[in-house]
Amino acid sequence: MKRIFLGCFFSLLLLGCGAGKSVLTADKTPMFTTLDLVHIEDDKVQVSMNPGAFTTEEVFFYIPKTVPGTYSEDNYGKYIEDFKALDYEGNELNFEKLDDNTWKVESGKNLDKVTYRVNDTYDTESETSEKVFSPSGTNILKNENFVLNLHGFVGYFKGLKEVPYEITVNYPEGLKATTSLKSKIVEETEVGKDVFLASRYFEVIDSPIQYTKPNTETFQINDITVTLSVYSPNGVYTAASLKERMEKMMSAQKAFLGDIDGTKEYNILLYLSTMEADDAQGFGALEHHTSTVVVLPEAMPQDRLEQAMVDVVSHEFFHIVTPLNVHSEEVQYFDFNDPKMSQHLWMYEGTTEYFANLFQIQQGLIDEAEFYERIMDKVNNAKAYDDEMSFTVMSENILEEPYEENYANVYEKGALINMVLDIELRRLSNGEKGVRWLMKELSKKYGNNTPFKDDELIDEIVAMTYPEIRSFFDTHVIGDTPIDYNEYLGKMGLSTEIVEKQTGFFLDGENPFIDVDQENEDQIYIRKGLELNSFFKTLGVKGGDVIKSINGTTIDLNSIRNVIGQSFTWSPETEIEMVVRRGGEDVTLKGLAGTPMLEVETIVPVASVSNKESELRQRWLKG
Ligand SMILES: [Zn+2]
């Protein structure tokens, strides 16, 4: 999974910016499932699930509480309505709803099938505080678009997770499915009907489907067939317009991975959101073995959308290595309704995110300076989380506080842990080995269907590598001692220094110095805990100040957009008068606009670098 945070302010800128009776027992019969995407009522999809005959009295039916890769409890059962348990004559049987995601049917021997209606998650994201992350959510937009993350639509019966599924989808004319599920050949007369097959429940939820008006492109990366399916509500983007950059990026990934065994098919399901209140609000992606669902704002300009796709899709594609090919028993035997979490998020998410940056420099998509900038961003972003929290303890307990609120650090410190591990492995092996080598060895040893024991992985890595690696893990990954990144960068002939760079008056690239008050949208305030640029510092502006006016213009959400626009025409001599509210009082601040500069820490090569360090650095960055 990868979540992209667009600051609230940035978001606002963009915006104004059935089978018959069965004689076989349930555990031998396929799970016949139907989804009716044609007759949508109240924005809901009718689902029917027909197992074989049960031999037990009590039957339990579940919709997942959690799915792999999300690391959160989302209770997909909350979106299920009108649940019915029916006998072979079509009479309703008694049932009990035990919790959000569990239904118990008393007379199981008489149970023919269950039916229910499913509401989608995208509509409700802005109304609820417990929102499902959009790439793992669902969309029902009659005759237009269906995002079928199947864990939201299809459940399982206790003891029947391993039976094959046959899923029939009736879809409206003009739409087309993209999915990694295998299709059963249906008779030509049956227009508007797809029948998909899955070997077990895991495969069902591992294979999302997107139905859209045809907007797909297919290309070949060595032996992998990649299909990109795009839903762009206002027709801004086509799959063809995004294909070239995706093709280049994925070729580079394949070159980076070398002979690490992957998939033969990969589907990118891109959903572009209008960002209106009834549309998806969670941007990023979720990984699967042979596909990924990506959600981004349609209003993003093409170069930014493409860069976001490069960063997000490359991350998801690298999940093929871990956890998809290298994972513990907790992941292999994932319990959708009572999940046990593994200790190794430093690897599942950290290694993945590190690779998503490393491959770009190794394959020449970015230069050294940009790679260092990305690393420095991670060092800075990690400061927002608890640096003295054991990463393995956090990972095992990620569904609970205080660990849950530190989750996003897996993309920051998690990636940095891998950078340090990479530096150590390169140094100890005279440049020969790194994290990519390690992951290749682990994926050879394990692979798709062979899990490792959760508490043996680190011993195993140490046994495969060097004793020094043990102390690194003990101190900084299992232990809670913060990492001194400078110490490790020094081993590669790098150090950090403070430099000045020019910024905008109100934004540093995409990072605004200001934000909008969540409670009162007309209050624009200066963000706290942020290094301000020289423009604000010279004026005497402080974090937390609310901007009342600038050069006589009263500031609210609308007018700040105009002022930001005007600021591009300001010269260093432009006189600025800003009124801010601070501690209940209005304060008038005056000064010249100047040239806004910001002090930032950057990674630079040291002048006195030794040959050995410089060579190690080349091996690290150029592979
Ligand atoms: Zn991820």
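Helix α12 (residues 467-478) comprises twelve residues and spans 16 Å from its first C-alpha to its last, close to the 16 Å expected at 1.5 Å a residue; the expected span is 1.5 Å times one less than the number of residues. Helices are DSSP runs (H or I, at least four residues), and strands are likewise (E, at least two), numbered from the N terminus. The model is predicted: local features need pLDDT of at least 70, and side-chain atom pairs count only at pLDDT 80 or more, while totals for chains, interfaces and linings use all residues. Residues are numbered from 1 along each chain as its sequence is written, and side-chain values use heavy atoms, without hydrogens and water.

In α12, Ile-469, Phe-472, Phe-473, His-476 and Val-477 are buried (under 20% relative accessible area, 1.4 Å probe, protein chains only). These residues lie on the same side of α12 because they cover an arc of only 110° around the axis, taken from the directions from the helix axis to the C-beta atoms. The buried residues of α12 pack against α6, α8 (391-396), α9 (413-428), α11 (457-464) and α13 (485-490), where contact means heavy atoms within 4.5 Å.

The structure holds 40 aromatic pairs (rings of Phe, Tyr and Trp, the last by its six-membered ring, with centres within 6.5 Å). Phe-506 and Phe-536 form an edge-to-face pair, 6.0 Å centre to centre with 75° between the planes; edge-to-face requires planes over 60 degrees apart. This pair links distant parts of the chain, with Phe-506 in the loop between β23 (494-502) and β24 (507-508) and Phe-536 in helix α14 (residues 534-539), 30 residues apart. Both Phe-506 and Phe-536 are buried.

Conventions:
Buried means under 20% relative accessible area, exposed over 50%, partly exposed in between (1.4 Å probe, protein chains only). Rings of Phe, Tyr and Trp (its six-membered ring) pair if their centres lie within 6.5 Å; planes under 30 degrees apart count as stacked, over 60 as edge-to-face and the rest as tilted.
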